Amino acid sequence: MAIITLLTDFGTRDEYVGALKGVILGIHPQVTLVDVSHHIPPRDIVAAGHTLRSVYRYFPEGTLHVAVVDPGVGSNRSILAVRFNGYLLMAPDNGLLPLVWADQLPQEIVRVENQMLFRHPVSRTFHGRDIFAPVAAHLSKGYPLVDVGSPMTPAQVFRLDHDEGAGISPSGVLVGTVVSVDRFGNLITNIEAAQVDQLMAGTESHGLVIQVGACRIDGLAISYCGAPVHMPLALVGSRNCIEIAVNGGSAALLLGVGHGTKVHIKEKG
Amino acid sequence: MAIITLLTDFGTRDEYVGALKGVILGIHPQVTLVDVSHHIPPRDIVAAGHTLRSVYRYFPEGTLHVAVVDPGVGSNRSILAVRFNGYLLMAPDNGLLPLVWADQLPQEIVRVENQMLFRHPVSRTFHGRDIFAPVAAHLSKGYPLVDVGSPMTPAQVFRLDHDEGAGISPSGVLVGTVVSVDRFGNLITNIEAAQVDQLMAGTESHGLVIQVGACRIDGLAISYCGAPVHMPLALVGSRNCIEIAVNGGSAALLLGVGHGTKVHIKEKG
Amino acid sequence: MAIITLLTDFGTRDEYVGALKGVILGIHPQVTLVDVSHHIPPRDIVAAGHTLRSVYRYFPEGTLHVAVVDPGVGSNRSILAVRFNGYLLMAPDNGLLPLVWADQLPQEIVRVENQMLFRHPVSRTFHGRDIFAPVAAHLSKGYPLVDVGSPMTPAQVFRLDHDEGAGISPSGVLVGTVVSVDRFGNLITNIEAAQVDQLMAGTESHGLVIQVGACRIDGLAISYCGAPVHMPLALVGSRNCIEIAVNGGSAALLLGVGHGTKVHIKEKG
């Protein structure tokens, strides 16, 4: 049972997603297609990377995840096909995939070059339809990754330099960033639960203080109900990262902050 | 051929729906997944209940309908799995399901408790992924409902007390509420066609008058074209309830009313 | 392997799309359902026709494309089922399908009349659920088109008279219209690449000038990167028509124009 997931910034109003699916089904009619999201903000490579990193592992091993957020379509950027932790990943070589594998390394990286697999003529504006879709369909049928193109090393893959990650400052403050605001208005940070553990390790803990914008939150809750109604709270969310939420409301609206806002966590002193 | 439908307030921008589907497909790769909607307004249990009630019966018998609108996730609310009219239903015990079964009773109600079916560790913020998805996948493979948890009676199920329904007042006016505004701006009420028949039964009818906001409509049309272009009309819609519409336009915009607006129907006098 | 695609203006918030799918799966559980789009603007027959024309051919032959943009539902408009270029198409007889087949003619046109295939009772407000869905399901199982209803000629099919298409004016200017603005803000015109070739044929070309609103663009780029960042460009897009785009931005926002805007192309002189 082959599965291909699709993650794009195409939206669902235009025919673009349909074109991908049509091409895939023409080559591999039995494949199961799953939409991860088509509402990544246009050209937002970072959002796409964080989203794919958050979800890839919930699919069965062998799933092929295709991410087409591709502002450089038609330029000389490459397309990557990668074997990683039992999954196959495809995306433009624009920094998206290193956000997925983070500090783990993929087992195999290939630059997609085998034009026999492409749909012809290949347009300059829609490689999703003409390259990603047919190559993904062939891979999902068992076409060998090694025959898709030439091998690359992780060091040859393009990386975005502005993806800092969260970290502990010299003064002992854990500093992170809101990297996503979900549909509920929850502020999802890049601060991992393990980093909070690290901050607290070996200290005589008096609890945590989380500062986001003008709002100061005492301690971590364990569910979205862990504060009075319409009051803010912080917790470890489904990405295993720190989230700021409001019980029964939107943290983004109540706190007036959003994507890019800094979040500071320190020991209560 | 097993079918699972999904109804949530997750939206389609984030990875949440993808995570559910990944977990389900990992357990039951052959299942057919259908999205009913992921655009229920956040935490709107009533909208979710009305939506599921309106659509469940159009699927083949045996379909499992999963509704995850779950503001109480991580609290001590239960999760229900129910056999109803040949279908299986799953939802939090927050009042959603009684809106679906209304004055009919389900044949079997179970509190979901069998942790062997869950995905571990179970997060406190995303039971959709960690409980609903794996339990649904197992049920769709034929796992016995009776083994999912302990039986409950309908009386033990939580009910919302503010779901009044439409009714005929002592002065003989049929009073209902706009419970949904669809994408076309149609105002969908909770007044059932049978209630209109009841209002008119045994009277020497001179026709109906429908009052909504400042607008008075004479009689029921039989299609959306049953009034001049850009003029309002009332009809029995696809939920078999009274709808207020505008030929070629949006009743919500033209009349300036929406969710919660009262609608009065009486005999023309 | 049977495929049915769905193209509607239903949106994805309400239960309407789910109802169609439920009815289809009840009749043909093995069918593969693909959403082309449910976000066609309400009642926008022209947008639906252009969208379907742009995508139908990327699906494997034999695919059944169902388009339900149906402002005349419940009136006496007919429903058409058509064999065209190896595909099956269904849509109301409201001008949508002639936009798909354009100057090619379908091989077979049938007025959908066989009530044995319908879901009963047939509502006056939701033929998508009660006629389109069950008839499509039967067709996808191999039910003969000829038995769905009585044959029609192309001349009997309703055509919209305001679909002009692009053309070359007596003064030698190629004039077209923005017919769609996609999620990226790209302005998609109805000017086909072949018309530009025709404009330039046999002339001693000094290049093209594209005028849209107050903006004048020199020549065609070959990709969205073919202009400095945040600057406008024109190119042949994935529909094989002229698009106006902005590198890294939205042409609709930057130029302040949109659907219906005229676009003029002439030789640089």
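In the predicted model, 33 residues of chain C are in contact with 32 residues of chain B, contact being defined as heavy atoms within 4.5 Å. Local features need pLDDT of at least 70 and side-chain atom pairs count only at pLDDT 80 or more, whereas totals for chains, interfaces and linings use all residues of this predicted model; side-chain values use heavy atoms, with hydrogens and water left out. Residues are numbered from 1 along each chain as its sequence is written, and chains are lettered from A in the order in which they are written.

The area buried between chain C and chain B is about 2600 Å², with carbon and sulfur atoms giving 57% of it; buried area is the accessible area (1.4 Å probe) that two parts lose on being put together, summed over both. On the side of chain C, C:Arg13, C:Glu15 and C:Thr125 supply 25% of the area buried against chain B, more than any other three residues. C:Glu15 also takes part in a salt bridge, its side chain meeting that of B:Arg239 at 2.7 Å, N to O. The count between chain C and chain B is 1 salt bridge, where the term denotes a side-chain nitrogen of Lys or Arg within 4 Å of a carboxyl oxygen of Asp or Glu. Helix 1 (residues 16–27) of chain C gives the most to the side of chain C that touches chain B, with 8 residues. Helices (H or I, at least four residues) and strands (E, at least two) are DSSP runs, numbered from the N terminus.

The interface of chain B and chain A was examined in the corresponding terms. This contact takes 33 residues from chain B and 32 residues from chain A. About 2600 Å² is buried between chain B and chain A, and carbon and sulfur atoms give 58% of this area. In chain B, the residues that lose the most area to chain A are B:Arg13, B:Glu15 and B:Thr125, together 25% of what that side buries. Between chain B and chain A the count is 1 salt bridge, and the side chains of B:Glu15 and A:Arg239 meet in a salt bridge of 2.7 Å, N to O. Residue pairs in polar contact between chain B and chain A number 15, with both residues at pLDDT 80 or more. The largest share of the side of chain B that touches chain A comes from helix 1 (residues 16–27) of chain B, with 8 residues.

The relation between the copies was then considered. Chain B can be laid on chain A by a turn of 120° and a shift of 0.0 Å along the axis, with an RMSD of 0.0 Å; the two copies are thus related as by a three-fold rotation axis. Superposition is by least squares on the C-alpha atoms of residues with pLDDT of at least 70 in both copies. Of the residues of chain B, B:Thr32 comes closest to the rotation axis, its C-alpha lying at 5.3 Å. Only 6% of the interface residues of chain B are also interface residues in chain A, so the copies meet through different surfaces. Chain C is superposed on chain B by a rotation of 120° with 0.0 Å of shift along its axis (RMSD 0.0 Å). In chain C, the C-alpha nearest the axis belongs to C:Thr32, 5.3 Å from it. The copies use different surfaces here as well, since 6% of the contact residues of chain C recur in chain B.Within chain C, an open sheet of 7 strands has the order 2-1-3-5-4-6-7, with mixed pairing; two strands pair if DSSP finds at least two bridges between them. Strand 2 (32–37) and strand 7 (149–151) of chain C stand at the edges, each with a single partner strand, so one side of each is left without a neighbour in the sheet. The twist averages 25° from one strand to the next, with axes fitted as lines to C-alpha atoms (for helices over the stretch in contact) and angles running from 0 to 180 degrees between N-to-C directions. Strand 1 (residues 3–8) and strand 2 of chain C pair in the parallel sense over 5 bridges, and C:Leu7 stands opposite C:Ser37 in strand 2.

Definitions and conventions:
A polar contact is a pair of N or O atoms within 3.5 Å; within protein, one must be able to donate a hydrogen and the other to accept it, and residues adjacent in sequence count only if both atoms are side-chain atoms.
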